[in-house]
Each structure stands twice: as structure tokens, then as C-alpha cells.
Amino acid sequence: MFKNRSFSLLLTGQSLADIGDILYIVSVISIIYRFTNSAIATSFVPFIITTCMLISSLLTPLITTKVSLNQLLTISQGFKTAVILGLALYVQWVGDQPMIGFVFLLIAMVAFLDGCANPIRQSLLPHYVEEKDLLRANSIAETVIQSIQVGSWFVGSSLLLLFTPSQLIWGVVVLFFMATLLLKLLPDVARMERPEKKKWVLFMQGWQSIHQTPVLKVAARMDLLESMAGAVWVAAILLVFVEEALRASSQWWGYLNGIFFIGMIIGSMICLEWTKFIERKKAMFISGGALLSAIFTLFFAVSITPLMALLCSLLIGLCGQLKNIPQQTIIQTSVSKEKLPTVYTSLNVIVTGVFGLSSLMMGMLSEWYGIRVVFFLSASMLLLVSVIAYKNKTSFT
């Protein structure tokens, strides 16, 4: 199924990097909060990450004309390792008195490198996997990634009881170094020679591909609405929902997050088990998954008990994954492999930019009109996604 164990190398390397990313975020947020004792200062971490990833996504098309995809992924991970090593040495040196501005600068550098790596990772998969096996490969990758999300957040928080944040960062350095070595072993991906073009033309390539490919235009509209809908699941809004709407303790916020990722794992495993059936019914799973996600988000909005909200969160994650994996496979096969990096960077700009603005908007709406209202709004947007997918079902066949 996979060429020269390339898929295994890519998945293992990125898994180690993803575990390191979560432990790094847990450590950095802990350091900042302990030093400032300020939730506002801590909230700057996701803001900085989103902003820098957006800028990086815009610049990625320029870089992909100079370096092959696998080399770019390795270079990005190598620089991340160097930055985290610098952070570890700095925290070790200054102890409990870090200069927060400098820590924010290092966070921004890591986020910038991640913004470049994420679309490249998605673009590499079709190079290492036969087209007929893409849905299965995406299912395996998603199962592993979401399992890491569940386990790493829980374990990362627990490790703070045993280790200091600075010790955890040294662990991240080791994980990143191992990830870099594995990614270095990836076979070279042939880079198509293209004539020199003006920078603005390179910036526009991904958008042109989306505009010229009907299924990508549909996917872009769906991604835009889903990014707006997904903004309600940020920590600040979900925590308020738990405390004000459910009248539950804050620990239920962690349960809702964990069960959501478990739902995604189950969805990935279903796709893995029923690959051939889903391959034939991609349009049905894409529109149906969005519709069921909208319905369960609506039920979540009216939940009166934590257990009801927990069940809805599980089903939202499951149905969302049943939609996302077939859609991801369609995107990967809709244009040539050479165009995929620019397509993914453009889609990433939509998702990242809209999500950042929507998080702010949803926070304001929840403050003005009540916390349940924003979840009704999220359900409405997911319903629109389902309608768009159904109307364009012929594009997904």
C-alpha cells in the first residue's frame, strides 16, 4: 500500500512532533500564567499562534518554489527544534523570572514554522500513497493524530505534577530532534521546475486553482462556514458554557474536550473499517456528516445536564470526522500534486483567518446575548454547510 515505508516515516515523525507541540504549549502556558498570574497574558498565546500561522501560510507558496516539500518539512522541524532548544536554555538560565516578551517572540517563531509545515504535511501524503489508498491513509493518519490529541493533553497536564515546565520543555527538545531525524529519512519528492514568476503570481496560484476547480470552490465555502461555526469551541467560550449554562464545575470543560476527540477517533476508525463503502458514498457522508453535526450542536446548545452535553460532544466529533476524511481525500485528488501546496496554504489562510476573527466575534455575542445563542448560531452555519454539500453532491462523486 505504501511506497518504501514513506507513509510510516511521515506519520511517525509528525506524531512525535505533535506530541512535542502539545507538551510545549502546556509548558509555555504554565510558565506564563505562573509568572504573570494573568488570564489575559495567557490568552495572548493562542492569539500569537493564530496570527503567525496566518502570515506563514501566506508566504509558503514563495518557499515551495525553491525547496522540495519533504526538505521544507524537515527544515521547518529542524528550526523548531533549534527554537525550542533556545527556549529551554533561556528558561533554565532565568528560572522563575523570564522576560515574557522574549517568550512570546519564541512562541511566534514556532507558530510561524508550524504555519508553513501544516499544509506541506497534507500535500505530501498523495506523493507517498497511491490514489486508491488515500482515504484509508487519511483515516489512519486522523486516528493517530486525534489519539495523540486525547492522550497528550491529559498526560501533559498530569506531567506538570511530576516535572517543572522547564523540564518538560527539555523533553520537547528530544521529541522534536527525533522527529527531525525521521523526517530527514523521507524520500525526495520531485519538484516540478516552473518558470520564474512574479511574487504576486505565486501568491495567487492557490486561489486561482480554487477558483478554477468547482469542487475546491465548494470546499472553500464549506471551510469558511465551518471555521466560523468551530469558533464556539475555544476554551474561553466552552468554559463559560460549562459554568453558566450547565452549572457544572470547570473540570467538565476538560471532559467535553476529551470526549470530542474520542468521537473523532471513532469516526476515523469507522472510515478505516468501511473504506470501500465510504469511497463510493463520499457525497452522502460529507453532506450527512455536516447535517448530523448541526443537529447535535443544536442539542448541545439546549443541554441542561453535563452528561447530555458530553454525549453531544462525542457525536459532534464523530460526525465531523465522517465528513472531513472523505472531503480531505477529494481535495487531495482534485488537482495535480504540484498544485496541492498552494491550494492547501490558501485553504489554511481561510480557516486560520476566519477562525481567529470568529473567536473574537463569538466571544462578544456570548457576552451580549447569552452563551447558548452562539451555539445556536454555530448549528445554523453547519446546517448551511450541509445544504451546500447536498446541492453540490455531484462534485463529490
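The model is a predicted one, in which local features need pLDDT of at least 70 and side-chain atom pairs count only at pLDDT 80 or more, while totals for chains, interfaces and linings use all residues. Residues are numbered from 1 along each chain as its sequence is written, and side-chain values use heavy atoms, with hydrogens and water left out.

The structure holds 11 aromatic pairs, where rings of Phe, Tyr and Trp (its six-membered ring) pair if their centres lie within 6.5 Å, and planes under 30 degrees apart count as stacked, over 60 as edge-to-face and the rest as tilted. Trp-233 and Phe-375 form an edge-to-face pair because their planes stand at 75°, with the ring centres 5.4 Å apart. Since Trp-233 lies in the loop between helix H8 (214-230) and helix H9 (235-245), and Phe-375 in helix H15 (residues 371-391), the pair ties together parts that are 142 residues apart in sequence; helices here are DSSP runs (H or I, at least four residues), numbered from the N terminus. Ring pairs also link Trp-233 and Phe-375 into a cluster with Phe-241, Phe-260, Phe-261 and Phe-300.

## An exposed pair

Trp-368 and Tyr-369 form another edge-to-face aromatic pair, at 6.5 Å centre to centre and 90° between the planes. Both Trp-368 and Tyr-369 are exposed.

Terms used
Helix = DSSP H or I, 4+ residues; strand = E, 2+ residues; numbered from the N terminus. Buried < 20%, exposed > 50% of the residue type's maximum accessible area, 1.4 Å probe, protein only.
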